[in-house]
Amino acid sequence: MNRLPVLDKGWVWLAGAGPGDPGLISLLTLRGLQQADVIVYDALVSQEILDMAHEAAVLEYAGKRGGRPSAKQSDISERLVELARAGKKVLRLKGGDPLVFGRGGEEARYLVSHGIPFRIIPGITAGVGGLAYAGIPLTDRHTNSAVTFLTGHGADGGLAKDIDWDALAKASPVVVIYMALSRVGLIAQQFLKSGRPAEEPVAVISRATTSDQVVLETTLGRCEDDLKKAKIEAPAMIVVGEVVKLRAGLDWLGALGGKKLSADVSSVRPQGERKMDFDHEG
Ligand code: SAH
């Protein structure tokens, strides 16, 4: 630990806290927790991780909770500058990775424009760590050589406008979608319209890597109905693709609870071998 950098006065460390399990934070984030005077954290950062902070550290919440409106991005960025200028050692802690759908880049640019020195500490993003805890590989030789991370939440509240769904459906055998729980129906329709089969496997991973983790396995055709019936809570990731089937052999958490795993991959197909209908209308 002694060789790790020191969080100096007037600096901001913009760090990822991973998806939830405190065992998944990096040594650098731990170092920040132990050295910071002030920790400005988001809603997705778990209490167990905050509990690792130095006892004299001031914890400042900067997210949405209990129905209160979320702090404005500009207010958070301004607060970081204020704290740094007051000579504090500042840890800005975000769920997952700060630069994956986390507006970490915006905060860093604000620091740059105000001359505040900073370091970026990556975290394990939910789209990687959450899948690992669900026993779903992002890539596998049997299924895919590409994967796409997508947000289900565009700037105006609907689906992101800049997604070419036909191109995505064709090019990306596995799609991992953040912030999608309330838009699963819309997203499934887009994939189906773009030629992906109704029986294509889908997994919904809720509260990944925490003790409340729940995984729902469904298909593009059924996911909207299945989700309505299941009690699935945010935050959740959606995974679309054949890799979901590999969970049968890799659900190590399930195995801890007695589930029997199967190493048989004979029913798993690469996307290129599946029948796709790209001659659809629209
Ligand atoms: N920077 C974060 C993502 C922030 S966007 C990261 O890299 O993980 C917030 C979205 O992340 C949520 O809507 C959800 O889709 C996903 N997410 C974050 N933590 C999660 C968790 N523990 N389980 C499931 N999804 C999670």
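Analyst: Domain bounds here come from an automatic or database domain assignment, and for this chain that assignment gives domain 1 (12-124) and domain 2 (127-273). The model is a predicted one, in which local features need pLDDT of at least 70 and side-chain atom pairs count only at pLDDT 80 or more, while totals for chains, interfaces and linings use all residues. Residues are numbered from 1 along each chain as its sequence is written, and side-chain values use heavy atoms, with hydrogens and water left out.

The shell around the ligand takes at least three residues from each of domain 1 and domain 2. There are 17 residues around the ligand, and Pro 19, Val 100, Thr 125, Met 179 and Ala 236 come nearest, where a residue is near if one of its heavy atoms lies within 4 Å of the molecule. By class, the shell has 12 nonpolar, three polar and two charged residues; Ala, Val, Leu, Ile, Met, Phe, Trp, Tyr, Cys and Pro count as nonpolar, Asp, Glu, Lys and Arg as charged, and the others, Gly among them, as polar.

On its own the ligand has 540 Å² of accessible area, of which the protein covers 91%, as computed by the Shrake-Rupley method with a 1.4 Å probe.
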